[in-house]
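Here is a short briefing on one protein model. Look at the structure first, then read the points by topic.

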Amino acid sequence: MHATSPTPQGDRPVTKTLGLIGAGNIGSALARLAIAAGLNVVVSNSRGPDTLADLVAELGEQARAATPAEAAQAGDLVVVTVPLSTYEKLPVAALAGKTVIDTMNYYPDRDGRIAELDSGEQTSSALVQRRLADSQVVKAFNSIDFVRLFTSARPVGADDRSALPVAGDDPAAKAQVAELLDALGFDAVDIGTLADSWRSEPGTPVYVQPYLPARPDGLTDQETGRWFFEVPGVPVPADKVRELTDTAVRRSAGDARATLA
């Protein structure tokens, strides 16, 4: 049974500062949404704070650049949005005691083969949680492309508001993440524990495609790129997200990747 949304439990810190480890497409979109929602943002990447000067200048005075460890320490909530192949480099001590949002997906052709994921023995988020044993890992923001993540955000109560799946083992951490989603412009649908998080991974029905309209036939590569960046998103409400995740069938990583074409 999948709950409609995480239920707040216990005392949790109000998210005033969002720490970001990774400032690529998803990280930058989340930073922009967080600034628009009135949060402070600390962004970081593997190349150093100086390389983030342009992004911080765009974001304004509520943002600053830092190292990953500094972003982890500064954030009331911390988003990890780096290639999965680098998860063992995350600053474990700095993330201890934090709720950590994992946006990462397993792409074998990019990340290299990970036997536990290929066999279905683990989910990628379960591996991250094992690495971050003193943190509360919540899977979110992994099932929507970065363009629609930014452009589909809507205020509470909007008819065209979309929902995103959320998975995690700690109810209070999931509730904290659901509050962030709400502030950024999305509803949250609790799809279960980290062991259930495969239901939003690449190749599943909720992954990326529902948030996009059907791509026109016959587009050139250049036209496809333009279409991807310019097309408005399709609203995917909570009941549709529930339906899509409930009907997901688990595939091997290779089979799942093949469905993405």
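I21 has S44 as its bridge partner in β2. Strand β1 (residues 17-21) pairs with β2 (residues 40-44) in the parallel sense, over five bridges. Two strands count as paired if DSSP finds at least two bridges between them. Helices (H or I, at least four residues) and strands (E, at least two) are DSSP runs, numbered from the N terminus. This is a predicted model: local features need pLDDT of at least 70, side-chain atom pairs count only at pLDDT 80 or more, and totals for chains, interfaces and linings use all residues. Residues are numbered from 1 along each chain as its sequence is written, and side-chain values use heavy atoms, with hydrogens and water left out.

**The sheet**
- Strands of a sheet pair through backbone hydrogen bonds, either parallel or antiparallel.
- Eight strands form an open sheet with mixed pairing, in the order β3-β2-β1-β4-β5-β6-β7-β8.
- β3 (63-65) and β8 stand at the edges with a single partner strand each, so one side of each has no neighbour in the sheet.
- From one strand to the next, the twist averages 25°.

**Helices across the sheet**
- Helix α1 (residues 25-36) lies across β1, β2, β3 and β4 (77-80), and runs at about 170° to β1.
- Helix α9 (residues 171-184) lies across β1, β4, β5 (99-102), β6 (136-139), β7 and β8, and runs at about 160° to β7.
- Axes are lines fitted to C-alpha atoms, for helices over the stretch in contact (heavy atoms within 4.5 Å). Angles run from 0 to 180 degrees between N-to-C directions.

**Helix α11**
- In α11 (residues 238-246), the buried residues are A238, V241, L244 and T245. Buried means under 20% relative accessible area (1.4 Å probe, protein chains only).
- These residues are on the same side of α11, because they cover an arc of only 125° around the axis. The arc is that of the directions from the helix axis to the C-beta atoms.
- Their cover includes β7 (163-168) and β8.

- R161 is in the loop between α8 (146-151) and β7. R161 counts as buried because its relative accessibility is 5%.
- R161 and D187 are 26 residues apart in sequence, but 7.4 Å apart in space, C-alpha to C-alpha.
- E201 is in the loop between β8 (187-190) and α10 (221-230).
- E201 is buried yet has no salt bridge, meaning a side-chain nitrogen of Lys or Arg within 4 Å of a carboxyl oxygen of Asp or Glu. The nearest side chain of opposite charge, K139, is 4.8 Å away. Lys and Arg count as positive, Asp and Glu as negative; His and the chain ends are not counted.

Notes. Buried < 20%, exposed > 50% of the residue type's maximum accessible area, 1.4 Å probe, protein only.
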